[in-house]
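Welcome! Please take a look at the structure below, and then read the short briefing that goes with it.

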Amino acid sequence: MKPKVAVFAFTSCEGCSLVMLEMEERLPDIMGQVEFVNFREVMDEKRDDYDIAIIDGAITRESEVEELKAIRGRAKILVAMGACAVQGGLYCLKNFHDPEKTMEYVYGDKAGSFDTMPVRPLSHYVAVDFNIYGCPIDKKEFLEVFRSLILGKRPNIPDYPICNECRMAENICVFDRGLTCMGPITRAGCGAICPAHGLGCCGCRGMADKPFILSHRRIMAEHGVSEEDYMAKLREFNGYYQQGHEKP
Ligand code: SF4
Ligand code: SF4
Ligand code: SF4
């Protein structure tokens, strides 16, 4: 019997679901090993008898909490896919602003018609079995997790920072070129793609398991980043933890 898989999206751009669909060359392989029973990007069928639920997006409404709990109740394995689902992602920026003003800014005089609440990752409400990090996710890592789930083994996801893979790739450190970088505290796994292209990492994969934040903050200060700007950079993808929540 093939495992049945459902893919859901809560508050997000659904970019991570689209990354799944961009793997055209691997999709026939993937499709052959599982049975998709619910995936609104690609099929009309919506069945509830899934074994594995893959969820893209953060939780921003009461109705999403109920839906998420129902999915958790049905799925044997729940996977958080992408920064929004894993750590709330960019959407957590909303939590640092006045909620009423934010709603008015976005929806104008229709603000009262929408239900909203502080942005939270999936793990705030339910147990998550596996995380696939990044904004968007990395195709190779998705395949590693997907294959591991099917084989019943733990996926190999780095717990160390981007700097390790950046050094292995022999990239020139962007600090040496006058830029700044969140790589020293960010979880590796993307192949240090931004530094490889001459850009600083902005931390989309969330924090590494044991981030040396104090040392990083000192290095950033030595490169002209004020305390306020450092907190803003941390907030970009790790705002949920800044609000005192534990890292998943
Ligand atoms: S993690 Fe990024 S790409 Fe993925 S759904 Fe969220 S905003 Fe979109
Ligand atoms: S560019 Fe960034 S990730 Fe690469 S070594 Fe420098 S600080 Fe680390
Ligand atoms: S280098 Fe940083 S910002 Fe770029 S993809 Fe990797 S984790 Fe995300």
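Here is a short tour of a ligand's surroundings and of some salt bridges.

This is a predicted model, in which local features need pLDDT of at least 70 and side-chain atom pairs count only at pLDDT 80 or more, while totals for chains, interfaces and linings use all residues. Residues are numbered from 1 along each chain as its sequence is written, ligands are numbered from 1 in the order in which they are written, and side-chain values use heavy atoms, without hydrogens and water.

**Around ligand 3**
- Among the residues surrounding ligand 3 are Cys-190, Cys-194, Gly-203 and Arg-205; a residue is near a molecule if one of its heavy atoms lies within 4 Å of it.
- Helix 8 (residues 193-196) gives the largest share of this shell, three residues; helices are DSSP runs (H or I) of at least four residues, numbered from the N terminus.

**Salt bridges**
- The structure holds 14 salt bridges, each a side-chain nitrogen of Lys or Arg within 4 Å of a carboxyl oxygen of Asp or Glu.
- Glu-141 and Arg-205 form one of them, at 2.8 Å from N to O.
- This pair links distant parts of the chain, 64 residues apart, with Glu-141 in helix 6 (residues 139-151).
- Glu-141 and Arg-205 are both buried (buried means under 20% relative accessible area, exposed over 50%, partly exposed in between, with a 1.4 Å probe and protein chains only).
- Arg-47 and Glu-45 also meet in a salt bridge, at 3.3 Å from N to O.
- Glu-35, Glu-45, Arg-47 and Asp-49 are linked in a salt-bridge network.

Note on methods:
Helix = DSSP H or I, 4+ residues; strand = E, 2+ residues; numbered from the N terminus.
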